[in-house]
Amino acid sequence: MSDEQWWAANEPLLAKVFDPDRFPLAARVGSAAGVAHQGMYSPEHAFTFGLQRILDGLTHLMGRPPR
């Protein structure tokens, strides 16, 4: 099942349990993430972001300025 198919199948349930007026920031972030990554999750982005944090930490421990 693709992300689009999953969202289409689960949208009615999610509409019942999620109130965008009560959680406007979550609604905006979710929408922006979906547009940016063509889905709710991008494994490539998560890997790149996490790797960069690890490298920044190692750079700090080695006494060099981060990139």
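Mentor: A helix here is a DSSP run of H or I with at least four residues, and helices are numbered from the N terminus. His-45 lies in one of them, helix H3. The model is a predicted one.

Trainee: Why is His-45 called partly exposed?

Mentor: Buried means under 20% relative accessible area and exposed means over 50%, with partly exposed in between. The relative accessible area of His-45 is 43%, so His-45 is partly exposed. From His-45 to Thr-59 there are 14 residues in sequence and 21 Å in space, C-alpha to C-alpha.

Trainee: What does the rule of 1.5 Å a residue give for H2?

Mentor: For H2, with 14 residues, 20 Å is expected, and the reach from the first C-alpha to the last is close to that, at 20 Å. Gln-38 follows H2 and has a positive phi, near 50°.

Trainee: What makes Arg-53 and Asp-56 a salt bridge?

Mentor: The cut-off is 4 Å between a side-chain nitrogen of Lys or Arg and a carboxyl oxygen of Asp or Glu. The closest N and O atoms of Arg-53 and Asp-56 are 3.3 Å apart, and the pair forms a salt bridge. By this rule the count comes to 1.

Trainee: Why are Arg-53 and Asp-56 said to be separated by about one helical turn?

Mentor: Because they are 3 residues apart in helix H3, which runs over residues 43-61. Arg-53 is partly exposed at 39% relative accessible area, and Asp-56 is partly exposed at 24%.

Trainee: What puts the charged end of Arg-53 over the ring of Phe-49?

Mentor: CZ of Arg has to be within 6 Å of the ring centre and within 35 degrees of the ring normal. The charged end of Arg-53 is 4.5 Å from the centre of the Phe-49 ring and is counted as sitting over that ring.

Trainee: How many aromatic pairs does the structure hold?

Mentor: It holds 1 aromatic pair. The rings are those of Phe-18 and Phe-23, with centres 6.1 Å apart and planes at 20°.

Trainee: Why is the pair of Phe-18 and Phe-23 called stacked?

Mentor: Centres must lie within 6.5 Å for a pair, and planes under 30 degrees apart count as stacked. With 6.1 Å between centres and 20° between planes, the Phe-18 and Phe-23 pair is therefore stacked.

Trainee: Where is Phe-18 placed?

Mentor: Phe-18 is in the loop between helix H1 (3-17) and helix H2 (24-37).

Trainee: What makes Phe-18 and Phe-23 part of a surface patch?

Mentor: Patch residues need over 30% relative accessible area and no salt bridge, and nonpolar side chains are joined within 5 Å. Phe-18 has 33% and Phe-23 has 38%. With Leu-13 and Val-17, they make a nonpolar surface patch of about 390 Å².

Trainee: How do you know that Glu-4 and Glu-11 are exposed?

Mentor: Exposed means over 50% relative accessible area. Glu-4 has 68% and is therefore exposed; Glu-11 has 52% and is therefore exposed.

Trainee: How far from Glu-4 is the C-alpha atom of Gln-38?

Mentor: Their C-alpha atoms are separated by 9.2 Å, with the two residues 34 apart along the chain. For Glu-11 and Leu-58, 47 residues apart along the chain, the separation of C-alpha atoms is 42 Å.

Trainee: Why does Ala-33 count as partly exposed?

Mentor: Under 20% would be buried. Ala-33 is at 23% relative accessibility and so counts as partly exposed. Ala-33 lies in helix H2, and its C-alpha atom is 16 Å from that of Thr-48, 15 residues apart along the chain.

Definitions and conventions: Residues numbered from 1 in each chain as written. Predicted model: local features only at pLDDT ≥ 70, side-chain atom pairs only at ≥ 80, totals over all residues. Heavy atoms only, no water. Patch = residues over 30% accessible without salt bridge, like charges linked within 9 Å, V, L, I, M, F, W, Y side chains within 5 Å. Areas by Shrake-Rupley, 256 points an atom, 1.4 Å probe, with all protein chains shown as cover. Helix = DSSP H or I, 4+ residues; strand = E, 2+ residues; numbered from the N terminus. Buried < 20%, exposed > 50% of the residue type's maximum accessible area, 1.4 Å probe, protein only. Phe/Tyr/Trp six-rings, centres within 6.5 Å; stacked < 30°, edge-to-face > 60°. Expected span 1.5 Å × (residues − 1).
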